[in-house]
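Morning, everyone. I have one chain to go through today, and I will keep it short. Please have a look at it first.

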Amino acid sequence: MGILLFLFAVVFQVLTLPVEFDASRRALVQLNQLGLVSPQEQTGAKRVLNAAALTYVAAAASAVLQLVRLLLIRDRRD
């Protein structure tokens, strides 16, 4: 039962990845529109926002690997 619940959490994390990347894209647009980022800083801001979005990719990958680990442990016990 715990593995099934964790599976739902993993699916949720994977499905929200595009939302996170879109949020980073929208944040960059807002920074530019509000004049908070100079043209020289735009590349750096984009890198930082992409890095922030990639933390969600890392978390999702970690969750997927944890799910695989749980499934392997379950199969060993049967």
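What share of the 78 residues in this chain is buried? In this model, which is predicted, buried residues make up 14% of the 78.

Next, the overall layout. The chain has three helices and zero strands, and from the N terminus on the order of elements is α-α-α. Its radius of gyration is 18 Å, well over the 12 Å that the globule rule gives for 78 residues, so the chain is more spread out than a compact globule. Along the principal axes, the C-alpha atoms fill a box of roughly 60 × 15 × 10 Å.

Now the contacts. Taking the contacts in the chain with a separation of 6 or more, 75% are between residues 24 or more positions apart.

Is Ser24 buried or exposed? The cut-off for buried is under 20% relative accessible area. Ser24 has 9%, so it counts as buried. Setting aside neighbours within four places in sequence, Ser24 is in contact with Leu49 and Ala53.

Last, surface and charge. The accessible surface of the chain comes to about 5,900 Å², and carbon and sulfur atoms hold 66% of that. As for charged side chains, there are 8 positive and 5 negative ones in the chain. The centres of these two sets lie 3 Å apart.

That is the chain as I have it. I will take questions now.

Notes: Residues numbered from 1 in each chain as written. Predicted model: local features only at pLDDT ≥ 70, side-chain atom pairs only at ≥ 80, totals over all residues. Heavy atoms only, no water. Helix = DSSP H or I, 4+ residues; strand = E, 2+ residues; numbered from the N terminus. Rg over C-alpha atoms; globule rule 2.2 N^0.38 Å. Buried < 20%, exposed > 50% of the residue type's maximum accessible area, 1.4 Å probe, protein only. Contact = heavy atoms within 4.5 Å. Areas by Shrake-Rupley, 256 points an atom, 1.4 Å probe, with all protein chains shown as cover. Lys, Arg positive; Asp, Glu negative; His and termini not counted. Charge placed at Lys NZ, Arg CZ, Asp CG, Glu CD.
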